Structures are given as structure tokens and as C-alpha cells.
Amino acid sequence: MSGKSALRRWTVRGLVGLPFLVVALAIAAWACVRASLPQLDGDAGIPGLSAPVSLGRDALGTLVVEGRTRLDVARGLGFAHAQERFFEMDLTRRSAAGELSALFGAKALDRDRSRRVHRLRARLTERFEGLSGEDRLLLLAYTEGVNAGLHGLPMRPWQYLLLRAKPQDWSPVDSLLVISEMYFMLQSGSFEAGFERATLREHAGDAVFDWLSPRGGRWDAALDGSQMPAPTMPTPEQLDVSRARPPANSASGPASGPTGSAASAPASAPASAPASARAPLLASARADSDLPVLGSNSWAVAGSRSTHGGAILADDMHLGLGVPSIWYRAQFQIGAGPSGLRAAGVTLPGLPALVVGSNGAVAWGFTNAYGQWFDWIEVPADAKVTTRTETIDVHGGPAVTFEVSEIGDAPIVTAEDGRRFALSWIAHQGAAYNLELDRMLQVRHVSDALALAQRAGMPHQNLLAADRDGQIGWTVAGRLWAQPGLPERYGRFVAPTAMRRDWLAPDRAPQVLSPAQGQLWTANNRQLDGAPGELLGDGGFDLGARAQQIRDRLTATDKHDEASVGAIHQDDEARFMKTWATRLLAAARTDAGANPTHKAFVQLLENWNGRADADSAAYRLVRQTRLRVLDTLWDAWTLPSLGERQLDPKRRIRWRNQFEYSAARAVDERPPHLLPAPFPSWDALLLAQMDDAAREVAPDGNLGGATWGAQNASRIQHPLAKAIPALSRWLDMPSVPQSGDSNLPHVAGPAFGQSERMVVSPGREDHGWLSMPGGQSGHPMSPFYGAGHQDWVEGKPTPLLAGPVIHRITAHRD
């Protein structure tokens with residue numbers, strides 16, 4: 001009896017004490033997380049400093065680094081990067097090197113294998129030794145600062161507490177890996193699309209391939225004014241999808257189009273070859289409506305076109321959006337007095353350079369260039385192949401080894417139906433990496449900025465630069481190959497002899513300096529034709545609709561200031577989508593009198609304001625219908641040559657942005673042999689896709705309530721919240737409906753968009769803007785975790801230069 005009473009008493013005590021235990025554990029966890037907060041005030045030690053360095057922060061957390069020398073400033077920047085962003089830096093280097101499994105376990109093995117075949121840590125370890133002494137010193141100084149910042153935290157960064165892991169020190173090679181991860185981010189989509197294009201050409205033949213993969217058209221907005229001819233329409237003998245068509249007097253057609261269904265395959269469509277053995281380098285196909293948005297805009301006006309006589313530059317780099325932002329706001333003060341240098345802009349944690357910004361004399365910005373910086377090599381059966389063993393560490397499990405094969409210096413990364421393919425990619429070459437971009441801090445004129453960019457070892461970017469004297473210029477930043485022309489390379493598998501390349505002399509790189517019209521623009525579109533265009537190749541340029549609209553906005557105003565230049569960032573007019581609204585409105589009117597649904601379409605489209613506004617239902621309906629039309633035509637036109645492959649979500653070849661030209665031409669000219677068989681007329685095809693789009697966007701039938709903002713709500717997440725959704729409430733930015741979209745200047749998707757918005761006239765930095773979609777710090781308890789985000793959401797300009805310093809660390813030599 002007494003034993004039962006004692007047990008009862010202890011049970012009651014345990015139940016009473018359990019809440020206290022939970023609270024105690026919560027307090028302990030909170031204390032541990034709080035202990036990893038970055039230092040904001042006081043003193044700190046950093047090895048190697050030649051003199052004390054000041055690390056100030058304003059109300060947004062903008063870092064103001066003041067040091068006697070460039071190397072001291074690099075040490076101070078590294079210290080701050082590590083304290084605020086070490087986990088994100090760690091993910092970046094591990095992603096490039098194929099080392100994520102050491103943090104996340106076996107779930108990351110497939111990703112690691114796909115990256116490890118490139119052996120970038122080994123390649124870049126060798127490259128580091130070949131860098132100039134100045135570059136090595138800069139990376140070593142930055143590394144000293146990073147490790148001082150990491151070890152200066154009382155507790156390891158909070159993310160490692162959740163993962164039960166310990167951070168590893170930074171090395172100079174890790175900074176080169178950050179550059180290589182940007183190569184992956186900015187160019188992997190091009191080489192994956194290049195593989196699909198070559199496969200399509202082999203199956204479809206040149207005539208049909210050229211129709212399905214045109215290189216330009218009416219939306220071209222090249223800097224040299226060139227325009228590609230419209231794609232040549234295949235003849236009925238080359239492509240005919242009109243068989244088994246219903247009678248012409250039938251109703252508006254089937255309720256849904258043939259997208260992704262066997263119904264769209266002509267009776268003679270061949271079966272696909274056996275399932276491939278493709279390695280995981282090539283991502284599984286997604287729905288065409290989920291194709292990634294190409295991104296980044298930049299534009300500039302010369303002093304002759306500004307109200308104050310100074311050149312003005314605007315830049316917004318479009319990237320995947322996350323928490324914290326990819327960029328880190330910083331202001332450098334190197335030296336003091338008349339010989340001192342001040343520069344402001346954004347940095348990339350993991351690197352010591354100012355990526356975009358202004359140094360008081362020259363401002364510079366980037367957009368992705370989308371040239372062809374790769375070749376797909378078909379490996380002969382008798383080729384000499386080198387095999388290496390790679391070992392991947394796995395958190396919580398045994399290490400995994402696998403074999404990597406290379407032909408020359410090109411890794412064999414995929415196989416199709418018994419054929420092997422190697423990727424010859426410029427990012428595998430040591431000369432593609434250096435720190436020339438850092439010297440942008442010193443340039444004083446646009447011509448010097450262009451020359452420097454042409455020597456830079458970095459992912460290829462359109463560089464726009466503006467200087468204090470009112471000059472503007474464009475070139476492609478990044479080392480270029482002296483490569484053969486497009487006919488030998490575009491959409492083709494090539495022989496191993498194509499791997500033998502020479503570097504193009506930097507002074508032969510294409511450029512535009514001081515254009516007569518006093519304006520420049522880039523938006524991932526094709527920039528040049530002829531011999532200069534051949535040097536860049538074609539890795540999948542965007543249509544040019546964004547570039548054309550930006551160009552026209554610049555042209556419409558004789559004299560610009562920062563406000564008029566900056567307003568283009570938020571331009572939501574949907575000029576491109578208006579062309580589709582016109583087509584759909586004409587089709588809907590054909591039977592609006594007899595069909596209540598199509599009458600509603602007409603009313604909706606007639607009342608549309610022509611903008612991609614968050615509260616617009618018409619924009620969403622037009623957009624979704626266009627995607628369905630392109631999906632339907634793509635499936636019908638590719639099934640005759642690709643067969644059942646197109647019905648396999650993991651193997652299907654997707655349409656790319658330039659397919660717009662072929663689809664729009666067919667819809668406008670209405671050739672009978674290109675109208676898919678299930679539809680009695682082109683109007684029937686359009687109406688069927690509009691009907692299905694309406695059901696998709698408004699299952700309840702309330703088209704007017706199906707707004708674009710409901711689909712385009714922001715979803716800016718922390719990487720750990722993606723893995724552990726319960727953390728979203730504390731880690732993610734609030735979700736809000738967004739205006740904007742692709743193919744117009746204000747690019748905005750749920751998790752993709754304007755990663756920064758900058759407007760600056762060199763010498764007038766106090767009038768400049770710099771806005772970002774998230775805060776400086778990766779620590780959710782930091783006052784700077786989401787600082788500035790709301791201004792970005794609302795489109796409010798945030799000053800480029802730092803405000804008054806409210807926190808300051810003085811760093812001394814350790």
C-alpha cells in the first residue's frame with residue numbers, strides 16, 4: 001500500500017514538474033540560440049591587422065568598414081560576414097563542392113554526387129596556387145577575418161545546434177568555391193537546356209528543330225539594333241499534326257486541350273527508346289508552366305540624358321529569394337583624407353569584393369549574359385578515360401565512395417541510351433577564377449571598368465558602368481573562349497576535339513562605349529549579332545520583352561533623374577501579355593453571344609488595365625491560358641519525333657522562352673497542318689485552353705476573385721524552414737500578394753525576383769537607392785534579421801549610403 005502511495009506521489013510530482021522542465025529546456029534552448037548572436041559593440045581581435053578597424057552599423061544593419069588598407073577592410077568584412085552569415089557561407093561552399101551530406105546526412109547524397117563529378121575543390125585548390133600574389137593575399141586576409149568572426153561567437157551559429165554539427169573553419173579555397181557556386185546558379189540552366197536542345201535536334205531534324213528553338217524575333221532589343229528573322233515554318237511534309245481532325249462545324253472543341261495526354265500524339269508517333277541512364281545532373285522536368293524565370297535588369301543613361309549632367313545607373317539582379325538575402329549591404333572606407341576611398345553597394349558573403357555598387361567615380365551593375373560557355377561532348381567508345389575515386393562524408397552514417405570519369409578535363413556527367421556525354425564547361429578552367437572584380441574599387445573611368453571586367457574570372461555577366469564624367473558603357477564581364485561559330489555548336493553534341501580551346505585576348509571582347517543615343521539596357525536578352533555575337537554564342541537568351549520595355553521607357557524621357565530611372569524597377573505594364581489578350585479576346589468574341597462563360601471572358605479582358613497587378617484577375621487568366629496554349633502546341637509538335645518520352649515527366653524535353661515566337665506565329669497565321677488534330681479550328685484550340693485555364697485558376701467559377709496576387713504571393717523562406725515547416729512562423733518573411741511577373745521590368749515570383757534594386761549616379765551617392773528583400777543578419781533574434789524588407793515590398797527607395805552609425809566594434813590585431 002505504501003509503495004503504491006509513493007508511486008502515486010512521484011507520479012503527481014512528475015506531472016506537476018513536467019511543465020517546469022519544458023520551460024527550463026525552452027529557456028536553455030533560447031539562451032543557446034541567443035548566445036550565437038553577432039557582436040555589435042565593443043572590441044574584437046582580428047589577426048593580421050595593420051591598424052585598428054572600425055565596424056559600424058546603421059539602423060538597417062548596413063556594415064560600414066573603415067580601415068587603413070584594403071587588406072584590413074577585407075579582414076573586417078570577413079569578420080562581419082562570419083558573425084552574421086557563416087551558415088549560409090558554409091552551405092554555399094558545400095553546395096559547390098558536393099559536401100552537403102556532411103551536414104544533412106544521406107538525404108543530400110544525390111545532390112552531392114551531381115556536384116562532386118566536377119571535382120571543384122580539387123580544381124580550385126590547384127587554382128589558388130596559380131593566382132596572383134595580390135589575389136592570394138586578399139583571400140588570406142578575408143579568411144583571417146572570417147575565422148576570427150566565427151571563433152568570436154560565444155556559441156556556434158544556432159543552425160549547427162539544430163543540426164547537431166560543428167562548423168569548420170574557412171579557407172581561401174572556400175571563397176573560390178563561392179564563385180563556382182555562382183557559376184552553377186547562373187549557368188547550369190543553360191547547359192541543361194543545351195543538352196535538351198541537342199537531343200531534340202537529333203530526333204526532330206534541323207527544319208523542325210529550328211522551328212521549335214528559334215533564336216529571336218519581334219521582341220529582340222539588342223544593343224546593336226539587330227533583329228533575328230522569324231522562325232521558318234515547317235512544311236506539311238516536315239511536320240503535320242492535323243490528322244483525324246473533327247468536322248469543322250463542330251463546337252468549340254474538347255473541354256481540355258491535349259497537354260500531356262496520349263490524345264495529342266499522332267497515330268504514327270514512334271515509341272521512345274529504352275529508359276535512359278541519365279545521371280542526376282539534369283534535373284527532373286517540371287511542368288512547363290513552372291519554367292524558371294530568367295532574371296536581371298540593368299540600364300543607364302549618359303550625362304547628356306540626365307537633368308544634372310551625371311550618368312545614372314540602375315541595376316536589379318533577379319535571383320532566388322530567401323532568408324537572409326543573398327547579398328549583404330556594405331560601405332568601405334579605405335584610408336582617410338583626400339586620398340581615402342569610399343565605396344558602397346552589396347557584397348556576397350564568402351567573398352571580399354563589392355559585387356555591385358559605386359566608388360564615387362564609377363558605378364557598375366550586372367545581369368546574367370546567357371552566352372554558350374559550354375559544350376556537350378559525345379564520348380567515343382574507345383576514348384581514353386581517367387577514373388578517380390571521390391569520398392563523400394555523411395553526417396550520422398558511413399562515408400560513401402564513387403567513381404568519377406573524365407575525358408581530358410571534362411567530366412562524364414550523363415548517359416542516354418548507351419551513349420556517354422561529358423560537359424566541357426568554362427567553370428572547370430582555372431583561368432575562369434580570379435579577383436579582378438575587386439579592383440573595380442579603384443577604377444575612375446568607364447573605359448577602365450570595361451577593360452577590367454574583360455579580365456575578370458567570374459560567371460559571365462553583362463556589365464553596365466557609368467562614371468562621374470557622364471560616360472556609360474557595356475561589355476561582358478568574365479573570361480571568354482575564342483570559340484567556333486554557332487552553326488557548329490548551338491543545339492549539337494560535338495566531338496572531343498571541340499574541347500581544345502584558346503582564351504580570347506581581353507581586348508577582343510565586345511563592348512559598347514558612349515553610345516550615341518546616350519542610353520544602355522540589358523535584361524538577359526541577346527545583345528549583339530554578327531562576329532561579336534558569335535564570340536558569346538547562345539546559351540538561351542530571354543525573349544527581350546523586358547529589355548524592349550526598358551529601352552522604350554528610357555527613350556520616352558529626354559532628361560532623366562534618379563527618380564525617373566528608378567521608377568522602371570516597379571514598371572508593371574504587361575506589354576508582352578497584351579498581345580495574348582488581343583488574341584484571346586478575338587477568340588472569345590466569336591461565340592460570346594451563345595456562351596455565357598466566354599461572354600464573361602470578354603467582359604474581363606475588355607476591362608483589364610493591361611498591367612500585372614496583384615488584384616488583376618484578367619492578367620492571371622491571360623497568363624495561364626498562354627501557358628496552356630504553348631504546352632499544347634509543344635506537345636503536339638514534339639510527339640512525332642520524341643514519342644512517349646514527352647509523356648514521361650522525368651524525361652520530357654520542355655519548351656524554352658524563345659518558343660514563344662513559333663507558337664505566336666502559328667496562332668496568328670493559323671496553318672492547318674500545325675493545328676493539333678483534336679481541335680477543329682484555331683479558335684477552338686484557344687477557347688479550350690481558356691476554358692481549362694479558367695477551371696484551374698477559379699475552381700469555384702468565380703473568375704473575378706482569382707487574382708494574380710493570390711497565385712503570385714511572396715514565399716521568401718529560410719533554408720531550414722523548408723526542411724522543418726514548423727519553423728516558418730519564426731524564420732520566413734511574411735507572405736504578401738505581389739504585382740509584377742516575367743517579361744516585364746518588375747520581375748516578381750513567389751520565391752524569385754529583384755534581389756536588390758540600385759539606382760546611383762557616381763558622385764551623387766547621397767541621392768542613390770539600394771533596397772533588398774530581407775535583412776542583413778541570418779540570426780532571427782538580430783534587430784537586422786528582416787530590416788528593410790517592408791520597404792522592398794512597398795517599393796520604397798532605401799538610401800544607398802549608410803545612415804548614422806548606431807553600433808560600433810573596434811577591431812585590433814589579435
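Colleague: At what angle do α15 and helix α16 (residues 659-669) pack?

Modeller: This is a predicted model, in which local features need pLDDT of at least 70, side-chain atom pairs count only at pLDDT 80 or more, and totals for chains, interfaces and linings use all residues. Residues are numbered from 1 along each chain as its sequence is written, and side-chain values use heavy atoms, with hydrogens and water left out. Axes are lines fitted to C-alpha atoms, for helices over the stretch in contact, and angles run from 0 to 180 degrees between N-to-C directions. The axes of α15 and α16 are 10 Å apart, and the angle is about 90°.

Colleague: Is α15 roughly parallel or roughly perpendicular to α16?

Modeller: Angles under 35 degrees count as roughly parallel, over 145 as roughly antiparallel, 65 to 115 as roughly perpendicular and the rest as oblique. With an angle of about 90°, α15 is therefore placed relative to α16 as roughly perpendicular.

Colleague: How many residues of the contact of α15 with α16 are nonpolar?

Modeller: Contact means heavy atoms within 4.5 Å; on the α15 side are Arg626, Val629, Leu630, Leu633, Trp634 and Trp637, and they meet Phe659, Glu660, Ser662, Ala663, Ala666 and Val667 of α16. Ala, Val, Leu, Ile, Met, Phe, Trp, Tyr, Cys and Pro count as nonpolar, Asp, Glu, Lys and Arg as charged, and the others, Gly among them, as polar. One residue of this contact is polar and two are charged, and the nonpolar ones number nine.

Colleague: How far apart are the end C-alpha atoms of α15?

Modeller: Helices (H or I, at least four residues) and strands (E, at least two) are DSSP runs, numbered from the N terminus. The expected span of a helix is 1.5 Å times one less than its number of residues, so the 26 residues of α15 (617-642) should span 38 Å. The distance in the model agrees with this: 36 Å.

Colleague: How many of the 26 residues of α15 are buried?

Modeller: Buried means under 20% relative accessible area, exposed over 50% and partly exposed in between (1.4 Å probe, protein chains only). The helix is largely enclosed by the rest of the structure, because its buried residues number 25.

Colleague: Which residue caps the N-terminal end of α15?

Modeller: At the other end, α15 is followed by Gly643, whose phi is positive, near 60°. At the N-terminal end, a side-chain oxygen lies 3.0 Å from the backbone nitrogen of Tyr619, and that oxygen belongs to Ser616.

Colleague: To which backbone nitrogen does the side chain of Glu756 reach at 2.7 Å?

Modeller: Glu756 is found in the loop between β24 (752-754) and β25 (757-760), and it is buried, with a relative accessible area of 0%. Not counting residues up to four places away in sequence, Glu756 touches Asp315, Asp316, Met317, Trp327, Val356, Leu770, Ser771 and Met772. The side chain of Glu756 reaches the backbone nitrogen of Met317.

Colleague: Which side chain does a polar contact of 2.7 Å join to that of Glu99?

Modeller: Glu99 lies in the loop between α2 (70-97) and α3 (101-104) and is buried at 18% relative accessible area. A polar contact is a pair of N or O atoms within 3.5 Å; within protein, one must be able to donate a hydrogen and the other to accept it, and residues adjacent in sequence count only if both atoms are side-chain atoms. Beyond four places in sequence, Glu99 is in contact with Arg94, Asp112, Arg116 and Arg121. The side chain joined to Glu99 by the polar contact is that of Arg121.

Colleague: Is Asp417 buried or partly exposed?

Modeller: Asp417 sits in the loop between β14 (410-416) and β15. Its phi is near 50°, a positive value in a residue other than glycine. With a relative accessible area of 36%, Asp417 is partly exposed.

Colleague: What is the relative accessible area of Asn743?

Modeller: Asn743 also has a positive phi, near 65°, in a residue other than glycine. Its place is in the loop between α20 (728-731) and β23 (748-749). Asn743 is buried, with a relative accessible area of 8%.

Colleague: What is omega for the peptide bond from Val323 to Pro324?

Modeller: Pro324 lies in the loop between β6 and β7 (328-334). The bond from Val323 to Pro324 is cis, with omega near -5°.
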